[in-house]
Each structure stands twice: as C-alpha cells, then as structure tokens.
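Take a moment with the sequence and the fold before reading on.

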Amino acid sequence: MLVLENVWLRYGKNAVVQDASFEVREGEMVCLLGPSGCGKTSTLRLIAGLDRPNSGKVSIKGKTVSSKQKVVPPHKRDIGFLFQDFALFPHLTVSQNIAYGLVSSDRRETGVRVDELLRRTRLSEHADKYPHMLSGGEQQRVALARALAPRPKLLLLDEPFSGLDTMLREQMREETVGTLKELGVTSIMVTHDPEEALTEADRIVLMNKGQIVQIGEPRELYKFPSSVFAAQFFGRISQINGVVDGGNIKTDLGVFPNPELSDGIEVQVLLRPEAVRVSPVQQDSNFASELLVCGIQYTGNSSLIRLGIGEWPQPHSHIEVRHPEAVSYDLGDKIWIEVDPDQAFVFPK
C-alpha cells in the first residue's frame, strides 16, 4: 500500500530523517513511535507530501508520489488527515464540517455519506451544532468523520489524542482505532506514547535521532528489543553490569546465559520489573539473590520495590521488582528474589 525506500530529509545540515525504509500493508495500523524530535512527524509530512525528500522515494499503491525530482500535492494523494488540534472550522456545523471534503459529490450523495458517518460516530443529535458547543471527545469524532468522508486510501494521524485528558484519551483511542479497523482503513499514527503504540498498532516503527531503530509487531518490540534504547523506551528497566565468561555472563545478581558474545566482553543486562519475582524463601537457583529494600512505591494494584545490590546503607546498584499487592517491608530489610533469565536483555557496552 505505502512504501518508503531509503528516504532522507535534511533541513540545512541537519538530517531529520535518515535512510528511512518501511512499508504499510493494506488495512494495517502502523505507529511511528519515538521521543520528541526523533523524526516521526517529519516522516509523516514526507508521506503527506508536505515536504520533499532529499533522496529516496515514497510510493502509494505502486505509484511514486514523492522523490527528489517530483512531489504529488497532498490533495491529489487520496489521503486523510487527523490532527492533534482537530482543525475544525468554527463557522461550520458538524454536518458541514464532515461534508467539507466531499466537493466532488452531488448534494444527495453528500447527504447520504454525512448521515452515514454521523450514525457511525454517534453524532446524529449534534449534526446542527457548532464545534464550540461540543466536548473534546465529540470534536474528536467530528474530525475523524471529516477525515473518513472522502474514503481515503490512507489516513494519517498526528498525535490525535495527546490533547485529551487521560480517561477521555483512552476512550477516544479505542473508539477511533476500532472504527478504522472495522472499516479496514490503512492508517499511520504518530505517537510518543509506548502504551498507545503497544495497545493499538498492528506494527510499530520505532525511531530515534532521525533513524529507524526497529520495526515489528508490538509483542516483538517489547519482548525482543534490538538495542538498549528500544528496551528502555517501553517502560521502566533495570541495568546490571556483567562480563562474558565462556557460556555465561557473570553479574552481581547471578549468572545469565551468554547469547553468543565473545569471551571477556563487558555487557549490560537489562531487566523489566516483571522479570523479577519476590520469593518468600531462598530458592535453589542460579537466578536467586538476597537484596536490600531501598524504596517502595505503591501503584494501586501493585507495589514497585527498589532493591539494592551491595551493603546497606549504600548499595552500589539497584533493580526494580513489581509485586502484585501492597507490601510491608522496612527500608534495609533483606528479601530473596528470583530472576527469569528468559526476560533478560543482554547488550555489549
């Protein structure tokens, strides 16, 4: 459906998109994910035709729409847009906003299409209202209906939920993505929120400093990160130093399997909180250790325990473990933990 091949975008000497290559399949929801300034919105602008690449090309359904030599204008790409600020016309009613992009349809067809989208987005009772008379969630649904009205081949969403409060954001995200998947709309969504990408995307394109770091399904990126950055971006993570010793990696937390790294190399072993389990008694295992309680954070349905490796009161390093209930440890207490080695990520330093 959409293909980017070795695309570069420079502003002066600053390369904001570097050698980007990926594809989006028909009916797929792909998230461009990464921190602020990583190049994800610039990539979206290249897809939209708002910027010209310095090299490489962008194709939609086999037709080149952007290259150094030519750029097909955005309005000729059959693309829909959904923006963070909704960009609704304040002087038009809900129905008129939705109908705005249907300039080539006759009046009857426009009316039928607008009515269909009003029903689908649960806005029929608001058809004659103006944007300022609507809640944030209702304005979001109007913007979605307007974007879908011309039946675009591709829908581009630029952080569309970031301006909403937490509860409304989750609700609108589920509604919007549910509608797009129900209609089979091919979509690309820009977000800096890992949870949003993990829960809604079919595949994720993870970016950092203008480069694509990793591409894959959400589970693949979470379970098998390709770099320290990729592992750290998806949530809290602990780091333990180690050294490769033959078939093992020796650390202060125990011995881990060596994923085919050369003997003597210094490595980082990364652990998510769920990779560590509190044990009521000492376990007969290579992955069991007695550590110091250095902090407890109650998070509602669980407790995040910060554990120190070394001597109290100044352990030399720390890890975190998520326990599925409130705990009553005191600072300095010693507790046994067990690590799941299959959830440890090992990277050379």
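Helices here are DSSP runs of type H or I with at least four residues, and they are numbered from the N terminus. The next residue is G49, and its phi is positive, near 90°. The model is a predicted one.

Now step back to the whole chain. The protein has eight helices and 20 strands. Its C-alpha atoms fill a box of roughly 75 × 45 × 30 Å along the principal axes. Of the 349 residues, 49% are buried. Consider the contacts between residues at least 6 apart in sequence: 63% of them join residues at least 24 apart.

Return to helix 1, which spans residues 40-48. How many of its nine residues are buried? Seven are, and the helix is mostly covered. The buried set is K40, S42, T43, L44, L46, I47 and A48. An α-helix has 3.6 residues a turn, so residues three or four places apart point the same way.

What does helix 1 lie across? It lies across strand 1 (2-11), strand 2, strand 4 and strand 5. Relative to strand 1, the helix runs at about 115°.

Four strands form an open sheet in the order 2-1-4-5, with antiparallel pairing. Strand 2 (14-24) and strand 5 (63-66) are the edges, and each pairs on one side only. Neighbouring strands of the sheet are turned by 35° against each other on average, direction ignored.

Strand 4 covers residues 55-60, and three bridges join it to strand 5 in antiparallel fashion. V58 stands opposite S66 in strand 5. S59 stands opposite T64 in strand 5. Strand 4 and strand 5 form a hairpin, with two residues between them. In that turn, K61 has a positive phi of about 50°.

Is N14 buried, partly exposed or exposed? Its relative accessible area is 46%, so N14 is partly exposed. The C-alpha atoms of N14 and V205 are separated by 21 Å, and the two residues are 191 apart along the chain.

Next come the charged pairs. The count is 15 salt bridges. Start with R203 and E28, whose closest N and O atoms are 2.6 Å apart. This pair links distant parts of the chain, 175 residues apart. R203 sits in strand 9 (residues 203-208), while E28 sits in the loop between strand 2 and strand 3 (29-33). Are the two partners buried or exposed? R203 counts as buried because its relative accessibility is 11%, under the 20% limit. E28 is at 7%, so E28 counts as buried too. The pair also belongs to a network of salt bridges that links R25, E28 and R203.

A second salt bridge joins the side chains of D202 and K181, at 3.8 Å from N to O. D202 is in the loop between helix 6 (194-200) and strand 9, and K181 is in helix 5 (residues 166-183). The two are 21 residues apart. D202 has 29% relative accessibility, so D202 counts as partly exposed. K181 is at 42% and also counts as partly exposed.

E338 lies in strand 19 (residues 334-339) and R277 in strand 15 (residues 276-279), so the pair ties together parts that are 61 residues apart in sequence. R277 counts as partly exposed, at 44% relative accessibility.

Finally, turn to the domains. The domain assignment gives domain 1 (2-233) and domain 2 (236-241 + 269-348). Their C-alpha centres lie 40 Å apart. Eight residues of domain 1 are in contact with eight residues of domain 2. The area buried between the two domains is about 710 Å², and carbon and sulfur atoms give 58% of it. Which residues of domain 1 lose the most area to domain 2? They are Y222, A231 and Q232, which together make up 58% of what that side buries. Between domain 1 and domain 2, the salt bridge count is zero.

Conventions: Residues are numbered from 1 along each chain as its sequence is written. This is a predicted model: local features need pLDDT of at least 70, side-chain atom pairs count only at pLDDT 80 or more; totals for chains, interfaces and linings use all residues. Side-chain values use heavy atoms; hydrogens and water are left out. Buried means under 20% relative accessible area, exposed over 50%, partly exposed in between (1.4 Å probe, protein chains only). Two strands pair if DSSP finds at least two bridges between them. Axes are lines fitted to C-alpha atoms, for helices over the stretch in contact, and angles run from 0 to 180 degrees between N-to-C directions. Contact means heavy atoms within 4.5 Å. Domain bounds come from an automatic or database domain assignment. Buried area is the accessible area (1.4 Å probe) that two parts lose on being put together, summed over both. A salt bridge is a side-chain nitrogen of Lys or Arg within 4 Å of a carboxyl oxygen of Asp or Glu.
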